[in-house]
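Please read the following walk-through with the model open. It moves from a strand to a chain contact and then to a pair of helices.

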Amino acid sequence: MKQLLILSGKGGTGKTTIAAAMARSLNVKACADCDVDAPNLHLLLNHGGVEERKDYYGLPKAYIDEDLCTMCGLCTEMCRFKAVNVGETTTIDIRTCEGCGLCEEICPSRAIEMRPVVAGDLRLYADPNNGIFSTAQLRMGNGTSGLLVTEVKRQMIDASKGIGFAIIDGSPGIGCPVIASISGVDMVLIVAEPSVSGLSDMERILDTAKCLKTRSIVCVNKADLNSELTARIRDRCREREVPYVGEIPYDPEVIRAVNRGLTLADTECSAGDAVQEIFKKVTELLFGRAAV
Amino acid sequence: MNWTPSTREIIATGPTEMNIAVLSGKGGTGKTMVSVNLAKVATSSTYIDCDVEEPNGHLYLKPENLIREEVSVLVPRCDPNICNGCRECVRFCRFNALAFSLDRLTVFSDMCHSCGGCSAICPQEAITEHPRMIGYVESGQSGDVCVRTGVMNIGEAAGLPIITRLLQSLSVPKKGITFIDCPPGSSCSVMESIKNTDFCVLVTEPTVFGTHDLDLVVELVSILDKPFGVILNKNIEGELNPSEEYCLKKNIPIIGRIPFDRELSSLCSEARIASEESARFKELFQNVLNNILETAG
């Protein structure tokens, strides 16, 4: 299965809007939302069919048995994450605990135990018409988003036997969840924004993908909001030898469509026409021919 | 300088020390644009960019006299002459950062969380810890705004130690307001960024995406019991705004409305500070700041 991941570095450039339009217009049967911090793809793909929910367990976190604790303070001293507080009793801040297990290891009275904690929800939708959709939501303030991203992709892949093409919506940034999402994909489509910030962020996500030896291509969204910066992004792609697959104009119709739960493939507008051209080029580059 | 009454009022009442976080859940709603403009209309403020993966505030503020400090984390190193191959460290490490093969210990530094456990428990005391640079913090001055930016190196997984370093400066008493520009999302790095703030400004946009992610950060700030208010950015007059409806329904204070405006979007795309370029935008951000200070009490 060929996997196309959509990233941007900078947030809010239009990853999800483009991922949903592409999934709909190319009738893609396997999709995943790897922005587990703030997933949005489900708002446009409204998959029906069978829903399967699973709890996601991150790393086990420390739990103190107050009856056994002698308040010796060794755990407080050793914890690098400042997750153990000694007051009237010893308490562990579950949100700060990274689950290293050192306190459990060293506690002289064996008062600490690592216990599994639900860190998020995984959801998988299987529909005879729409295919497979995998998504997840990390619980507030959790830190193991990379592991959850890997799970989201794994459950999509496991359910997608015989499907040749998958679209994965990524998260902003260049850190842990982004690195986890890039692992194993065939190509990254970067949605850039014509601004000084957008250009800087594009360079950093291109560097990250390159560091992971993954092929990137670039398109620019809301290109006419600053045509000079769009030209600079185009030039940078040429200099970096990154394929530049097109531009999408700013179109107020996009917000209206999104707010009605529609993708750009379901609505007549100039942005919708522009993405079709981009999809053609993306599939040519990904498959070496136009997709059916 | 030409002070408007509202500015004078701020100076007179003097919000001497206050930390305000700007966050959104969804990326690209205008956190940085709002933060830099608020930092400029406030007097003698501090701007801290905690979006260490994609820092952009410095592109607007162009700070000068930069001082750079490297941020490192500790990673283990094993002395093969002392190691007897007992593999206690491999058993202990829950992050899969250690492996024992070909008669020696291999450390996968990018998996390591720097908990220090392996060196603490090694029965032979064969493991020592050494710094590994993951990024840097840069401090400088932009007019009367003190600017601190964190930058994570390409290919690193976690920027949390850089955020922690950035926010160490909060413990030093200083005059004026500190604005903390947060990363997108609602994970541990956002939580760390807002931990020691007095007020949270949530910036949203008029899309169902914006509203969905606003709901996530409302939950986050509520868990941490932080007072907060919402700025409706990219507001289009006469168009449906799901984020506004959400705030009205949930009784959440709306502390600012920033219109979708071609001039504003063009200034922002060039990383120019709108409140310094036009009286209209200066007034807009001054009003937003006053609303924040009023709401924050």
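A:L7 stands opposite A:I190 in strand β11 of chain A. Strand β1 (residues 2–7) and β11 (residues 187–192) of chain A run parallel and are joined by four bridges; two strands pair if DSSP finds at least two bridges between them. β1(A) is also joined to β10(A) (residues 165–169), again in parallel, by five bridges. There A:L5 has A:I168 as its bridge partner. Five of the six residues of β1(A) are buried, that is, with 20 or more other C-beta atoms within 10 Å of their own, C-beta atoms being placed from the backbone. Elements are DSSP runs numbered from the N terminus: helices are H or I with at least four residues, strands E with at least two.

This is a predicted model, in which local features need pLDDT of at least 70 and side-chain atom pairs pLDDT 80 or more, while totals for chains, interfaces and linings use all residues. Residues are numbered from 1 along each chain as its sequence is written, with chains lettered from A and ligands numbered from 1 in the order in which they are written.

The contact between the chains takes 51 residues from chain A and 51 from chain B, contact meaning C-beta atoms within 7 Å. On the chain A side, α7(A) gives the largest share, eight residues.

In chain B, helices α2 (residues 31–41) and α12 (residues 279–296) pack at about 85 degrees, with axes 9 Å apart. α2(B) is therefore roughly perpendicular to α12(B), a class that covers 65 to 115 degrees. B:N37, B:L38 and B:V41 of α2(B) meet residues of α12(B) including B:F285 and B:L289.

Conventions: A residue is buried if 20 or more other C-beta atoms lie within 10 Å of its own, exposed if 12 or fewer, and partly exposed in between; C-beta atoms are placed from the backbone. Two residues are in contact if their C-beta atoms, placed from the backbone, lie within 7 Å. Axes are lines fitted to C-alpha atoms, for helices over the stretch in contact, and angles run from 0 to 180 degrees between N-to-C directions. Angles under 35 degrees count as roughly parallel, over 145 as roughly antiparallel, 65 to 115 as roughly perpendicular and the rest as oblique.
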